[in-house]
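Keep the sequence and the 3D view side by side as you read. We will go through the structure piece by piece, starting with how its parts are defined.

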Amino acid sequence: MFNFVQKRFKVLRIWKIGVQSVTGFEEQYRARTQKSFNMFQEASKYLPGGVAGNGKFIEPYPIYVRNARGARLWDIDGYEYTDLLMGAGVHILGHSPKVVLDAVKKQMEKGIHYYMPAEAEVKLGKKVCQLMSAIDMVRFVNTGTESTQMALRTARAYRKKDRIGKFEGNFHGQHDSVLISALSTAGEPNNLLPSIDSAGIPKAFAQDVLILPYNDIDGTLSSIRKDAKDLGAVIVEPVSAFGLGSIPADKEFLKAVREITIENDIPLIFDEVVTNFRLALGGAAEFFGVKPDLVCLGKILGGGFAIGGYGGRKDIMDKMVTPKTGLWDLKEQIFQSGCFSGNPITMTAGLVVLDELEKKNIYPRLNSITEKLQDGLIEIGEQFEYDMLVTGVSSILQIHFGIKDIRNKRDAMKANKAMAKTFHLGLRAKGIMASAHPLFLSTEHTEKDVNHILEVTEIVLKEMQSFN
Ligand SMILES: Cc1ncc(COP(=O)(O)O)c(C=O)c1O
């Protein structure tokens, strides 16, 4: 059940990374991505970095995609890739599953966006509440960022407290309250301080954020205890994906956080944007056996379309979110709306995917094929005597270099990022779509794909050695 994976092997050799190794793969990459390069140059005139989001800016320039299906992508130069990014964890059933396309086409005939509510929204809401035991009521929004923003607003309104507790290295999207100590650190390990991760975030936001040490029970409990009366919420990623590098929380740690938040009546929020319907149908709450008060949703929930959502205990959601008749009392309740929230296309796609997941019990095979990939990666790394760490859980994985173990942000920052960058560039130059980002498998990935990824990994590691 708790198939937490953090596999490693000994450092047998200090591996030297030189500019030369980057150049080797870069030449191969450039040779096959001429059209992407041209498009990047054109794109960069109009789109900062040639992309719609920093996460998509992969050096030296991104591959521009022509189309995708199943576990594959094709770029505009005509090359095929085995995809390990899978829409950043969105496509658990692979790209463009037929059931989703059929249902969405049908819905499109009936209308694309109404603003008024429709049946699909009700059905998806009911389904989410049935599948996730921590959710009695849910609101749909458009991104994971909005999910965490609104869940935090709800909790703060409920507790009538502004301050929040968040864990160092946990990423909760890009709004001003949470892009703090997600990507960077400040202070000493036993005295974490808020570190603003982006220019343009007012310093005042940091003052209302208590930074907590991930996977450290004693440190977390003593910090929460000290600040308990001021905390409106504690938010945590049950698996810290983007910020830490796909590092699961210890079950005992989540339990301890749950207990202390109950003791002090502080709403506990699980950010399940990545883990919802990925770890289990009931998400991280089911997987870890720990029930939060509020849950943030996203990614898989939208069936491939933009989505976010947040929900939880009826008494909190009803009191803070349900509009009361007459004028809304926005002194007591939160404002939350959105032009595209609950649009019928996204709702239809999400419902189809959740129905499929419910019908097919995909998890045992998906997890075992991921484990096969993880084991194979480790074995190959060992063969080449590289210091390579494979982290992850269920069908999430990530590959790190130059580090034996990662439990928190301080550890993650010690990993050799340059080596990881070279390795992933090598994979992309040879038809595996991966970057130093959490990687995801889908039901469309086969044993043959896993073997192919492993063969390419072997070639990449061999070439990395020869570059030095
Ligand atoms: C845990 C977590 N929360 C929130 C977000 C933000 O989601 P979005 O990119 O949809 O705004 C992400 C994005 O990857 C995430 O990983």
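Two strands pair if DSSP finds at least two bridges between them. Helices (H or I, at least four residues) and strands (E, at least two) are DSSP runs, numbered from the N terminus. With that, look at β13 and β14: they pair in the parallel sense, over three bridges. Opposite I269 stands L294 in β14.

The model is predicted, so local features need pLDDT of at least 70, side-chain atom pairs count only at pLDDT 80 or more, and totals for chains, interfaces and linings use all residues. Residues are numbered from 1 along each chain as its sequence is written.

Now step back to the whole sheet. It is open and has seven strands, in the order β5-β15-β14-β13-β10-β6-β9, with mixed pairing. Its edge strands are β5 (137-141) and β9 (209-212), and each pairs on one side only. From one strand to the next, the twist averages 20°. Strands of a sheet pair through backbone hydrogen bonds, either parallel or antiparallel.

Move along to β6 (residues 163-167). Four bridges join β6 to β10 (residues 231-236), and the two run parallel. K166 stands opposite I235 in β10. Helix α5 (residues 119-131) packs on the sheet, touching β5 and β15 (308-312). The direction of α5 makes about 125° with that of β5. Axes here are lines fitted to C-alpha atoms, for helices over the stretch in contact, and angles run from 0 to 180 degrees between N-to-C directions. Contact means that the C-beta atoms of two residues, placed from the backbone, lie within 7 Å. Helix α6 packs on the sheet too, touching β5, β6, β10, β13 (268-271), β14 (294-298) and β15. The direction of α6 makes about 165° with that of β14.

β6 also has a partner in β9: four bridges join them, and they run parallel. Here F167 stands opposite L212 in β9.

How covered are these strands? A residue is buried if 20 or more other C-beta atoms lie within 10 Å of its own, exposed if 12 or fewer, and partly exposed in between, with C-beta atoms placed from the backbone. β6 is mostly covered, with four of its five residues buried. In β14, five of the five residues are buried, so β14 is largely enclosed by the rest of the structure. In a regular strand the side chains alternate between the two faces of the sheet. From β14, L294, C296 and G298 point one way, while V295 and L297 point the other way.

D271 counts as buried, with 34 C-beta neighbours inside 10 Å. Leaving out residues up to four places away in sequence, D271 touches T148, H172, I235, V236, E237 and C296. D271 and L297 are 26 residues apart along the chain, and their C-alpha atoms are separated by 7.0 Å.

Next comes helix α9 (residues 251-263). Its 13 residues should span 18 Å at 1.5 Å a residue, and its end C-alpha atoms are 18 Å apart, which agrees. The expected span is 1.5 Å times one less than the number of residues. In α9, F253, L254, V257, R258, I260 and T261 are buried. Their cover includes α8 (217-227), β10, β13 and α10 (283-288). Just after α9, D265 takes a positive phi of about 55°.

Which residues come nearest to the ligand? Of the 16 around it, they are T143, G144, T145, G173 and V273. A residue is near a molecule or strand if its C-beta atom, placed from the backbone, lies within 6 Å of it. Helix α6 (residues 144-159) gives the most to this shell, with three residues.

A second sheet remains. This open sheet has four strands in the order β2-β3-β4-β18, with mixed pairing. β2 (65-69) and β18 (432-433) stand at the edges, each with a single partner strand, so one side of each is left without a neighbour in the sheet. β4 (residues 80-83) and β18 run parallel, joined by two bridges. In β18, I432 is the bridge partner of T82.

Finally, find I76 in the loop between β3 (72-75) and β4. I76 is partly exposed, with 16 other C-beta atoms within 10 Å. Leaving aside neighbours within four places in sequence, I76 is in contact with K35, S36, M39, Y64 and R66.
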